[in-house]
There are 2 protein chains.
Amino acid sequence: MPTVSAGPRRRADAERSIARIVSAARKSLSSDPDASVDDIAKAAGVGRMTLYGHFRTRAELVEAALADALRAGEEELSSIDLTGDAREALARLLGSSWSLMAESMALLNAAQKALPAGRVRELHAAPAQRVEELIRRGQGDGVFRTDLPISWLVNVLHYVLKGAAEESRAGRMEAGGAARAVIATAQSILVAFPPDLHPSPK
Amino acid sequence: MPTVSAGPRRRADAERSIARIVSAARKSLSSDPDASVDDIAKAAGVGRMTLYGHFRTRAELVEAALADALRAGEEELSSIDLTGDAREALARLLGSSWSLMAESMALLNAAQKALPAGRVRELHAAPAQRVEELIRRGQGDGVFRTDLPISWLVNVLHYVLKGAAEESRAGRMEAGGAARAVIATAQSILVAFPPDLHPSPK
DNA sequence: GCTAACTCGTATGGTTATGTACGACTTCGA
DNA sequence: TCGAAGTCGTACATAACCATACGAGTTAGC
């Protein structure tokens, strides 16, 4: 747990090393989720042993990298204005979330593999919370649907985001188009519309 | 390429072995995408060497397993009635696709890792084609949207499916609920609705 | 029944990655 | 300046896994 903000009893150069390692881990794992500890140490311009001095296991390192990415993400997302029309707020939120996801999707996959089951989700609580609250507000305002579990709504947005990131990474969509597609798709999923268009309910 | 239907110059017991191996590979990889060749051979009740006698590399084996799963899937999907209201046809198609995806998601991931980039997509051409044609028809009938690239529409359905499978696997949704959610979500994504509800285009 | 095809155990080689041990060198910091 | 903290190379201990080699035994099929 000394990964993010534990004992401040570290020397300055150690602090610097850790920062470089975490940064390199983010970068490396974001382009290749299977990057080895060795690769990351090299990318950080640091010996492998130094790395192991600060992170006892690969899992610890991956978690630190993910935590750092999430911290940066939180910083960006927290500055977004979520007031006003919930649909437009959603578009703003997804616009930023999209680029964050595109950057760190591989890192997310790496964490999924290296960390114990459920840990990734645990670390994701804050961003998920933000989305959930926006959806709730939109539901309260009567613009978002209420006929599906809210957890599904939150998660499916996540999967759509991930899908778009994958399409972009594979070169099957360019970034701008992907962003537009994500937003339009998310709107369609969430926005409540006249029941006479639905074939299903009574 | 002797994976699926090549030279019939094989003895009966070899044929049987191959069938058992492919079946075991499907099963094993569907529950653990990282199952080793050893595990699969054991599951097939066959020596590892026998396996290597028929599949020279792990990749060849994985591809055979995926091809088999796809063949079975095609069989099921081809029996679905896709005529009539495109929205209802979509629901029927997704109902079956969903369970197939839930079964074989891990296998898909295994293939993604073991096969060269793009190969999985290549093998998936047929099911993707089926979905695409249905969407086109729905567009022609004026019930499906046309403001997003059709390739995105096809792919996003795939990602929603995969997401639901993941939620189900992780125990966060039960199968019935997931199926309902997938269908409702897919309908929302595809169905065209009155432009006055859209904030964006003129 | 005879041959070729098939099965399969054991052993071996090679690769790759994680994590530990040791020890020498360098840099921080009081 | 001097001790402790940090750096880092090399080497080592495991541990998987993939793939090949050899060779003896078994079964199919004509």
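Q: Which residues of H7(B) are buried in this predicted model?
A: They are B:Pro127, B:Val131, B:Leu134, B:Ile135 and B:Gly138. The label buried needs 20 or more other C-beta atoms within 10 Å.

Q: What do the buried residues of H7(B) pack against?
A: Their partners are helix H4 (58-77), helix H5 (86-114), helix H8 (150-169) and H9 of chain B.

Q: How does the reach of helix H7 of chain B compare with the expected value?
A: The helix has 16 residues, 125-140. At 1.5 Å a residue, 22 Å is expected, and the helix reaches 22 Å from its first C-alpha to its last. B:Gly142 follows H7(B), with a positive phi near 80 degrees.

Q: Why is B:Phe193 called partly exposed?
A: B:Phe193 has 15 C-beta neighbours inside 10 Å. Buried starts at 20 and exposed ends at 12, so a count in between is partly exposed. B:Phe193 sits in the segment after helix H9 (175-190) of chain B.

Q: What makes the relation of chain B to chain A that of a two-fold axis?
A: A rotation of 180 degrees, with 0.1 Å of shift along its axis, superposes chain B on chain A at RMSD 0.0 Å. That is therefore a two-fold relation. Both copies use the same surface: 100% of the contact residues of chain B recur in chain A.

Notes. Residues numbered from 1 in each chain as written. Chains lettered and ligands numbered in written order. Predicted model: local features only at pLDDT ≥ 70, side-chain atom pairs only at ≥ 80, totals over all residues. Least-squares fit on C-alpha atoms with pLDDT ≥ 70 in both. Contact = placed C-beta atoms within 7 Å. Helix = DSSP H or I, 4+ residues; strand = E, 2+ residues; numbered from the N terminus. Expected span 1.5 Å × (residues − 1).
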